[in-house]
Amino acid sequence: MKTLKYLMGAVSVALLAGGIQSCKPKSADTAISGDAAAKTYVAPGKYDEFYNFVSGGFSGQLSVYGIPSGRLLRVIPVFSQDPEKGWGFSEETKPMLNTSHGSVPWDDLHHVQLSKTNGENDGRWVFVNGNNTPRLARIDLKTFRTAEILELPNSGGNHSSPFITENTEYVVAGTRFSVPLDDADGDVPINTYKKNFKGTLSFVRVDQKDGNMDIAFQIETPGVNFDLSRAGKGPSHGWFFFSCYNTEQANTLLEVNASKNDKDFIMAVNWKKAEEYLKAGKGKKVKVKYAHNKYSEVSHTSSSEFKNEVIVLNSKELKDLCYFIPCPKSPHGIDIDPTGEYMVSSGKLAALIPVFSFSKMIKAIESKSFEGDYSGIPVIKYEAALYGEVQKPGLGPLHTEFDGRGNAVTTMFVSSEIVKWNIKDLKVIDRQPVYYSPGHLMIPGGDSKKPDGKYLIAYNKITKDRYLPTGPELAQSAQLFDISGDKMKLILDFPTIGEPHYAQAIRADKIKDQSIKIFKLEENKHPYASKGEAQTKVMRDKNKVHVYMTAIRSHLTPDNIEGIRIGDEVYFHLTNLEQDWDVPHGFAVKGANNGELLVMPGETQTLKWVPDRVGIFPIYCTDFCSALHQEMSGYVRVSPAGSKVALIGNTGTNMPAE
Ligand code: K7E
Ligand code: CUA
């Protein structure tokens, strides 16, 4: 971010010299309207109007906030182990973090996409991206849990991801960093970037019944950096648009070397055409290795499958598949308005916002209004695709959302403001300061055909003086605006977890009634489930000991276990027998190296424990479940290797004293 500021220094000096106002934020107090508290107050016992799904950035998780209250409702673990939920610690969830590199228990999550039907949020799933070790995840909105994680081969930095088509046909992911493809010899000098490095765009098919993802095909592109993308909709359905930077193909000191070209590109991809090429067998099979992890809410277990092939279409060889549109200057985003006709791109180093017209782009392609090609791909003339430019919008435009009333709102990173402008006449209507340096912004449904233009949230990168100091690190600040009137009004600040990038929100009534409350015990297909205390037991299989255990208020069965020996691997398979909403039980054993469990009603989860010394080890429930929660405990006796102590597991029956 320092880099951007440094570069923007030059731009802003030039702008100031030209008489354009630099928009220093006013003081915080002046920006708040008098009725703000009433607008965000959700009385105790009342529900919020929207669920807001917010990326957790470097935390690798997704958080859910109620809007307008800004209350944190839940953190959904996705790409990182989570001690609050046991995610990645239980034997059942460990496979979800598998990749071709082994277990990767921490990633960087940037973008959030609600599933869509007819271009509107439908409340089935949320898709998110793992930015570092390229992965996509699908979260099921019945359970608010991660149901599937798919690794992406031939990718390095899964940033322009995950963006979805109008009916969730595809989840699409473009690589940020170009790299040699996985089947090429990657042991090449870095300065052979231009020759050896390639980009890829992955089109991942989504099964409409169960949401399962599968890589349908990838498109190999020239080596540039893909930053963000959006699907067309309505008239532009069938096309996908990606913003690209580093068209200079620099491999070092990108802050200078990738900022040389006056224009970079938007890449327009005709994915309907790609489907035709795929059908016609024009793809090339490429050897790769990637993990595909799925969680089942029936067996309460997950599994990893390793796959080793993808089909790649070549953007250079296959005609009419990809086109470039020049776009000033290192664009960070591309956003398509609700009608599907206007494409807004924000060059973060540009002093204007270009708006492209889909219909003009199609005409330009038909009439071959090209200015040449880039690595064999036609480059459409800028003016031929341009609808117009928003002049003097502010400094450092990044991301745009739409209010459904013909307006767009764009974040200005450098001038720390959000700017509302009209899509038709491209005139700025309103600008409001934010504190400070906004990245993404979010209007519920703001990327869909039907935005819910009542609220807007700016996700700011720099918090500085907004909250009480908490040492060198401060929670990132989100700011809620009422945008129902002509002027956008700041009504709430709230802190977020991790660094929020994109977020999406949906009306609560589209989700809340489908949210499940318990897992039905009789439907539990976990191989080690105990569906009643009568089914609990302790079984030895060589050095593996399986403890079939249950939890119900307020005891564990068994709670006295003997006959464990040094050298054993002990598996505690804990089934929560409760069939009541919101009564989890937890499990912990002293000395366990890999954490604890948290088990939902009707569910079974497993903790693996390898005792390292002889002695008595307490076990207990970690979730304060009842008045006698403190009594919900027991002991495990560990004896030396070769000991003759009998293997037993009891609750409430004492053996005769020795
Ligand atoms: Cu933060 Cu979408 Cu990764 Cu812009 S990106 S801010
Ligand atoms: Cu169960 Cu505390």
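Contact, as the word is used on this tour, means heavy atoms within 4.5 Å. The structure is a predicted model, in which local features need pLDDT of at least 70 and side-chain atom pairs count only at pLDDT 80 or more, while totals for chains, interfaces and linings use all residues. Residues are numbered from 1 along each chain as its sequence is written, and side-chain values use heavy atoms, with hydrogens and water left out.

**Stop 1: the nonpolar cores**

Select isoleucine 219. Leaving out residues up to four places away in sequence, isoleucine 219 touches Gly199, Thr200, Leu201, Phe203, Val269, Ala274, Leu313, Ser315, Leu321 and Cys322. A nonpolar core is a set of buried Ala, Val, Leu, Ile, Met, Phe, Trp, Tyr and Cys residues joined through side-chain atoms within 4.5 Å. Buried means under 20% relative accessible area, exposed means over 50%, and partly exposed lies in between (1.4 Å probe, protein chains only). The largest such core holds 29 residues, of which Phe203, Ile219, Phe240, Met267 and Val269 touch the most other members. Next, select Val538, Ile561, Phe587 and Met632, which are included in a second, separate core of 25 residues.

**Stop 2: the cysteines**

Select cysteine 322, which is buried at 3% relative accessibility. How far is its sulfur from the closest cysteine sulfur? The distance is 9.7 Å, to cysteine 244, which is too far for a bond. A disulfide is a pair of cysteine sulfur atoms within 2.5 Å, and by this rule the count is zero. Cysteine 621 is also buried, at 1% relative accessibility.

**Stop 3**

Helices (H or I, at least four residues) and strands (E, at least two) are DSSP runs, numbered from the N terminus. Two strands pair if DSSP finds at least two bridges between them. Strands of a sheet pair through backbone hydrogen bonds, either parallel or antiparallel.

Select residues 145–151, strand β9; seven of its seven residues are buried, so the strand is largely enclosed by the rest of the structure. Strand β8 (residues 135–140) runs antiparallel to β9 and is joined to it by six bridges. Here alanine 137 has isoleucine 149 as its bridge partner in β9. Four residues lie between the strands of this hairpin, in which phenylalanine 144 takes a positive phi near 55°.

**Stop 4: a four-stranded sheet**

Move to the open sheet with the order β30-β31-β32-β33 and antiparallel pairing. Which strands stand at the edges? They are β30 (438–442) and β33 (489–495), each with a single partner strand, so one side of each has no neighbour in the sheet. Between β30 and β31 (residues 455–460) there are three bridges, and leucine 441 has alanine 458 as its bridge partner in β31.

**Stop 5: two single residues**

Select glutamine 432, in strand β29 (residues 428–433). Glutamine 432 is buried, at a relative accessible area of 11%. The side chain of glutamine 432 reaches the backbone oxygen of methionine 488 at 3.5 Å.

Finally, select phenylalanine 58, in the loop between β1 (50–55) and β2 (62–67). Is phenylalanine 58 buried or partly exposed? At 37% relative accessibility, phenylalanine 58 is partly exposed. Neighbours within four places in sequence aside, its contacts are Trp106, Asp107, Asp108, Glu473, Gln476, Gly498 and Glu499.

Notes: Chains lettered and ligands numbered in written order. Polar contact = N/O pair within 3.5 Å; in protein donor to acceptor, adjacent residues only side chain to side chain.
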